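Hi,

Here is the structure I promised to pass on. Have a look at it first, and then read on for my notes.

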Amino acid sequence: MRAAYYIGNKNFQIEPGNAVPPGAGEVRIDVAYCGICGTDLHVYHGAMDRRVGDHRIIGHEMSGVVGALGDGITSLAVGERVVVRPLGSCGECPACKAGHDHICHKLKFLGLDSDGAMQTSWTVPAALVHRVGPSMDLRHAALVEPVAVACHDVRRGRVSPGEDVLVVGFGPIGMLVALVARHTGANVRVAEVNEDRSRIAATLGFPVCNPQTTSSEALLETTGGKGFDVVFEVAGVQQATDLAVAVAAARGRVVMVAIHSKPAQIDLFRFFWREVELIGARVYRPEDFDEAIHLLGDGTIPANLIITETVDLDYIADAFAGAHKGMKTILAIGEQS
Ligand SMILES: [Zn+2]
Ligand SMILES: [Zn+2]
């Protein structure tokens, strides 16, 4: 068994280790692939050192095969292809008790607060494991976690067929939100400043505009002046928040997907004037994982277009250094059946 440890300052160290035998209620997974997420890049750049420390196996966008079962596990079998929903909740706080354990007050994220998937053998609670079925390509299955984020965002936005939707920011998550919203039957438009990303949006068939050169009035015109029923803010900058609020329809919903590390300003008068709703959306529920597996399985999500690079774990440093260039870089971790 081998594992990649983040040791601080953009460095990783590959170390041999011993596979952790699964305890009661746990399974050991032979990890096949693990995608590099925006959060992992934050870790790499040192922005989360206080949280992860300097000897942490990161990674959560994974796929693999069940290698061993702990006592009491009857729902899974050795050899099944699986992914992990990397959320540890306490079960006792007000959010957990209300049935919102994905936003547990003490939520522990596997791959940040405890060791994650950038290791050949990962032992996790069986309750977090989702089967992807024997026919799914394990490379594609490494996209289930980010697709589940998009499924949750679209669900939170209550997107329905025929609605006008604007996605502000076309990074990996913005792209997935746009694809899932379109699958729901909405008319989806994209606002993106980066030329490469705009080109990908156009390739996928989305009308796209650059908000630095297109006025919000011109954007409103694309909906006949009505405004967008749902706007997803996936850019995390003040201008994106301004745009999202400016182009929301009467009784429109603005879904805040981006992580704003500083408080952003919001034109609250507009919320009053047009009865706009602001909706938070964080991680996912089990049903979002089920939907993501379905959408990847039937090709609604074009996995081959999204995965721009697959890099062996031995070259993890190069993979992280170049990850910003494409849409999604995937690490090949262990045996790929
Ligand atoms: Zn992620
Ligand atoms: Zn809790």
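To start with one spot: which residues does Met136 touch, not counting residues up to four places away in sequence? The list is Arg81, Ala141, Ile293, Leu296 and Gly297. Before going further, please keep in mind that this is a predicted model, and that every value below is computed from it.

Staying with Met136 for a moment, you will find this residue in the loop between strand S9 (129–131) and helix H4 (138–141). Its relative accessible area is 7%, so Met136 falls under the 20% cut-off and counts as buried. One of its contacts, Arg81, sits 55 residues away along the chain, with 8.1 Å between the two C-alpha atoms.

Now the overall picture. The protein has 13 helices and 17 strands. Its radius of gyration is 20 Å, close to the 20 Å that the globule rule gives for 337 residues, so the protein is as compact as a globular protein of that length.

Of the 337 residues, 52% are buried. Looking at contacts with a separation of 6 or more, 69% of them are between residues 24 or more positions apart. For charges, I get 30 positive and 39 negative side chains, with the centres of the two sets 4 Å apart.

The order is S12-S11-S10-S13-S14-S15, and the pairing is parallel. At the edges are strand S12 (208–209) and strand S15 (277–280), each of which pairs on one side only.

- Strand S11 (residues 187–191) pairs with S12 in the parallel sense through two bridges. In that pair, Val190 stands opposite Val208 of S12.
- Strand S13 (residues 228–233) runs parallel to S14, and five bridges join them. Val230 has Arg253 in S14 as its bridge partner.
- Strand S14 (residues 248–256) is mostly covered, with seven of its nine residues buried.

Helix H9 (residues 238–246) goes with this sheet. Its buried residues are listed as Ala240, Thr241, Leu243, Ala244 and Val245. What covers them? The cover includes strand S10 (164–168), S11, S13 and S14, along with helix H8 (216–221) and helix H10 (268–274).

One of those buried residues of H9, Leu243, also turns up among the contacts of Pro211, together with Ala191, Glu192 and Val193, once residues up to four places away in sequence are left out. Pro211 is in the loop between S12 and H8. Its relative accessibility is 28%, and Pro211 counts as partly exposed. For a sense of distance across the fold, Pro211 and Leu41 are 170 residues apart in sequence and 26 Å apart in space, C-alpha to C-alpha.

Two backbone angles are worth a look in your viewer. Most residues other than glycine have a negative phi. Arg158 has a positive one, near 50°, and its place is the loop between helix H5 (144–156) and S10. The other is Val283, with a positive phi near 40°, in the loop between S15 and helix H11 (286–297).

Are these two buried or exposed? Arg158 is partly exposed, at a relative accessible area of 44%, whereas Val283 is buried, at 15%.

Last, the tail end. Gly334 comes in the segment after strand S17 (328–332). Leaving out residues up to four places away in sequence, Gly334 touches Val31, Ala32 and Thr120. Between the C-alpha atoms of Gly334 and Val132 there are 18 Å, with 202 residues separating the two along the chain.

That's what I have for now. Over to you!

Cheers

Methods:
Residues are numbered from 1 along each chain as its sequence is written. Chains are lettered from A and ligands numbered from 1 in the order in which they are written. This is a predicted model: local features need pLDDT of at least 70, side-chain atom pairs count only at pLDDT 80 or more; totals for chains, interfaces and linings use all residues. Side-chain values use heavy atoms; hydrogens and water are left out. Helices (H or I, at least four residues) and strands (E, at least two) are DSSP runs, numbered from the N terminus. The radius of gyration is taken over C-alpha atoms; the globule rule is 2.2 Å times the number of residues to the power 0.38. Buried means under 20% relative accessible area, exposed over 50%, partly exposed in between (1.4 Å probe, protein chains only). Contact means heavy atoms within 4.5 Å. Lys and Arg count as positive and Asp and Glu as negative; His and the chain ends are not counted. The place of a charge is taken as NZ of Lys, CZ of Arg, CG of Asp or CD of Glu. Two strands pair if DSSP finds at least two bridges between them.
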